[in-house]
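Dear colleague,

Please find below the structure for your records. I would be grateful if you would read the notes that follow it.

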Amino acid sequence: MEKKVHLKIVLPSKVYKEEDVYRVVIPGEHGDLTVLEERAPSVLTLRSGYIKVLGESSAEENHYFIVGGVANIADNICEVMTEAIVPEEHISEYGIFNYVNWRTQKGRKKAVLDRYRRKMKRVDERIKSKPLE
């Protein structure tokens, strides 16, 4: 039987995703790290970036954008604890940049958040209708 890595992505309020994967690439503070089965136990600080879930042939199956965090790797379990995650279907070049800036600023008011949501909706619609080259 083939061994896999158990990936668990945890947000402050809930467990976002839990699945068995062949390998996963996480955005470490000092560079990306590929987690394979039987890896030595580690605790890492994560930077904002992509978690890439790789299949058996190293082809990318899924990816998620996280906003910093910590990874605990031990006993074929990779547990990623992060402040926020952007699902794959909501990823856009401009959306991530603005989302990270918004998460790092303090004291946002409801009116500002509403404007942000409207603006990002328009940007995402424009990107979907005319892809960047």
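Predicted model: local features only at pLDDT ≥ 70, side-chain atom pairs only at ≥ 80, totals over all residues.

Residues are numbered from 1 along each chain as its sequence is written, and side-chain values use heavy atoms, with hydrogens and water left out.

A search of the whole structure finds two aromatic pairs (rings of Phe, Tyr and Trp, the last by its six-membered ring, with centres within 6.5 Å; planes under 30 degrees apart are stacked, over 60 edge-to-face, the rest tilted). Tyr16 and Tyr64 are edge-to-face, at 6.1 Å centre to centre and 85° between the planes. Because Tyr16 lies in strand S2 (residues 15-21) and Tyr64 in strand S7 (residues 60-66), the pair ties together parts 48 residues apart in sequence; strands are DSSP runs of E, at least two residues, numbered from the N terminus. Tyr64 is buried, at 6% relative accessible area, whereas Tyr16 is partly exposed at 28% (buried is under 20%, exposed over 50%, partly exposed in between; 1.4 Å probe, protein chains only).

Tyr50 and Phe65 form an edge-to-face pair, with 5.5 Å between centres and 80° between planes. This pair links strand S6 (residues 49-54), which holds Tyr50, to strand S7, which holds Phe65.

The charged end of Lys4 sits over the ring of Tyr22, 4.6 Å from its centre (NZ of Lys or CZ of Arg within 6 Å of the ring centre and within 35 degrees of the ring normal).

Val43, in strand S5 (residues 42-46), is exposed at 62%.

Definitions and conventions
Helix = DSSP H or I, 4+ residues; strand = E, 2+ residues; numbered from the N terminus.
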